[in-house]
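Q: I am new to this structure and would like to learn how to read its features. Where do we start?

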Amino acid sequence: MSINDELIWQSLNGNFCSFKSTVSKTHNFCRNEQNVTGLCNKSACPLANSRYATIREIEGRCYLMIKTIERAHMPKKLWQKIKLPRNYAKALAVVTEELEHFPKFLQHRNKQRLTRIYQYLIRMRKLALRSRPHMAVVHKKVERRENRKEVKALVAAKLNKSIESELLQRLKQGTYGDIYNFPEMHYNAALDSAQDLELAEMEAEYEDEEEEERLVEYIEAAEDFESDMEDLEDVAEGLEDGAPVDDAPPPPREDKKRPKKGRKARVAISYDDEEEEKPAMATAMAF
């Protein structure tokens, strides 16, 4: 420690320093960018120490700043700027090598500052990769104004459509005769749109009628089916009278054997008379 450094510190601490910031009664802070701790004291003051070192972060990269007494007569080259590698272990090795003959206080504080800077740089990179919501300003007055404009435009569009349809109707009816003064292109376009609407309505009505007709359908009985029913009625009347019927099926045979599997069951029908019992005539009907 030289006498010049002590004189400078007495002048800064006792009189006035533009970097000193008094926030509390116990501690004074330093706003100088080169301060390694941020506290206003003799060991950490970059102005009152002719041999000094600190770590600075500039645009995501760390730099080791070294000040020596040999360059005190050259203010332009007073600070030596050493770019540190991105790897934390390699950067720590460079700091240890460059500050080998510096006081232990500066070595320890610079290593702590390097560690803290690398930690918040990693944190910044992680936050940049994470998707975060963006805040947007909402203007209530502008939104209300736009809503009113939309409502007015909608009303105007409906009014224009109604006027157009009314004019087309009058044009078809010939209300104004043959005196018209408007572009032919718009006239043809309006007529085409009106015809398309009419065709679409007619197709929709035709489809609805087809669907209604297809809902219920009735089918007439076939002639063969009616003739078969008449023949069956004649056979039944002949059986009741006892007359022989050519088309009647033969009487069933007595079969003592048990019916084989796969044959259909047979049902015998007998007719009873009120005065005297007649022999029953069995007819085999297969179901």
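**Helix packing and the nonpolar core**

A: Helix 2 and helix 3 are roughly antiparallel to each other. This comes from a predicted model.

Q: What angle do helix 2 and helix 3 pack at, and how far apart are their axes?
A: Two packed helices are described by the angle between their axes and the distance between the axes. Here helix 2 and helix 3 pack at about 160°, and their axes are 10 Å apart. Angles over 145 degrees count as roughly antiparallel, so that is the label for helix 2 and helix 3. Their crossing is right-handed.

Q: Which residues make the contact of helix 2 and helix 3?
A: Helix 2 contributes Y88, A91, L92, V95 and T96, while helix 3 contributes N110, K111, L114, T115 and Y118. By type, the residues of this contact are 6 nonpolar, 3 polar and 1 charged.

Q: Is I55 buried or exposed?
A: I55 counts as buried because its relative accessibility is 0%. I55 lies in strand 3, residues 52–58. Leaving aside neighbours within four places in sequence, I55 is in contact with Y63, L64, L84, V95, N110, R113, L114 and I117.

Q: Which residues touch the most other members of the largest nonpolar core?
A: In soluble globular proteins, nonpolar side chains tend to be buried together. The largest nonpolar core has 19 residues, and those touching the most other members are I55, C62, L64, I66, L84, L99 and L114. Strand 3, strand 4 (61–67), helix 2 (88–98) and helix 3 (104–129) each supply at least two residues of this core. Helix 3 gives the most, with 5 residues. A second, separate core of 5 residues includes W9, L12, C45 and A48.

Note on methods: Residues are numbered from 1 along each chain as its sequence is written. This is a predicted model: local features need pLDDT of at least 70, side-chain atom pairs count only at pLDDT 80 or more; totals for chains, interfaces and linings use all residues. Side-chain values use heavy atoms; hydrogens and water are left out. Helices (H or I, at least four residues) and strands (E, at least two) are DSSP runs, numbered from the N terminus. Buried means under 20% relative accessible area, exposed over 50%, partly exposed in between (1.4 Å probe, protein chains only). Contact means heavy atoms within 4.5 Å. A nonpolar core is a set of buried Ala, Val, Leu, Ile, Met, Phe, Trp, Tyr and Cys residues joined through side-chain atoms within 4.5 Å. Axes are lines fitted to C-alpha atoms, for helices over the stretch in contact, and angles run from 0 to 180 degrees between N-to-C directions. Angles under 35 degrees count as roughly parallel, over 145 as roughly antiparallel, 65 to 115 as roughly perpendicular and the rest as oblique. A crossing is left-handed if the near helix is turned anticlockwise from the far one by less than a right angle, and right-handed if clockwise. Ala, Val, Leu, Ile, Met, Phe, Trp, Tyr, Cys and Pro count as nonpolar, Asp, Glu, Lys and Arg as charged, and the others, Gly among them, as polar.
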